[in-house]
Amino acid sequence: MARGAITLLWINWICLISVAVCTPDAVPKNGERSGMQLAGEMVLSEQLFAIIDLYKQEDPVGLPGATIPDPMPIPEIKQSFSFAKMHLRNVLAHGMSRFRI
């Protein structure tokens, strides 16, 4: 349970770092942060705190704020094996919005 939360925190941290590194011109020369950067940090902070609060529960379900359709359509799959061929179409995955880590 904690491993999943730590993984999500690392992913969010890497995304934040990649945005800061990839846009060096977005930071003003005097060291102040722009309004858009502050707003992005606030959104990220709120998401992280919501995830942490969710995983403080005994049996957390899903992710806060995640918009996962239920049932979720799966694209058509064609796979050949040495002994058979598999062709899946019109497949729906149920219960994806309520997954557990």
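Helices (H or I, at least four residues) and strands (E, at least two) are taken here as DSSP runs, numbered from the N terminus. The model is predicted, so that local features need pLDDT of at least 70 and side-chain atom pairs count only at pLDDT 80 or more, while totals for chains, interfaces and linings use all residues. Residues are numbered from 1 along each chain as its sequence is written, and side-chain values use heavy atoms, with hydrogens and water left out.

**View 1. A93 in strand β4.** A93 lies in strand β4, which covers residues 91-93. With a relative accessibility of 18%, A93 counts as buried, where buried means under 20% relative accessible area, exposed over 50%, and partly exposed in between (1.4 Å probe, protein chains only). Leaving aside residues up to four places away in sequence, A93 touches D70, P71, M72 and I74, a contact being heavy atoms within 4.5 Å. I74 is 19 residues from A93 along the chain, and the C-alpha atoms of the two are separated by 6.9 Å.

**View 2. The two sides of helix α2.** Helix α2 comprises residues 35-55, 21 residues in total, and reaches 30 Å from its first C-alpha to its last, close to the 30 Å expected at 1.5 Å a residue; the expected span is 1.5 Å times one less than the number of residues. Which residues of α2 are buried? They are L44, I51, L54 and Y55. Seen down the axis of α2, these buried residues fall within an arc of 95 degrees, so they line one face of the helix; the arc is that of the directions from the helix axis to the C-beta atoms. On the other side of α2, G35, M42 and F49 are exposed.

**View 3. The salt bridge of D53 and K56.** The structure holds one salt bridge, defined as a side-chain nitrogen of Lys or Arg within 4 Å of a carboxyl oxygen of Asp or Glu. D53 forms a salt bridge with K56, and their closest N and O atoms are 3.7 Å apart. D53 is partly exposed at a relative accessible area of 44%, whereas K56, at 63% relative accessibility, counts as exposed.

**View 4. A nonpolar surface patch.** I77, F81, F83, M86 and L88 make a nonpolar surface patch of about 480 Å². Patches are made of residues with over 30% relative accessible area and no salt bridge, like charges being joined within 9 Å and nonpolar side chains (Val, Leu, Ile, Met, Phe, Trp, Tyr) within 5 Å; accessible areas come from the Shrake-Rupley method with a 1.4 Å probe, and for residues only the protein chains shown count as cover. M86 lies in strand β3, residues 85-88, and is partly exposed, with a relative accessible area of 31%.
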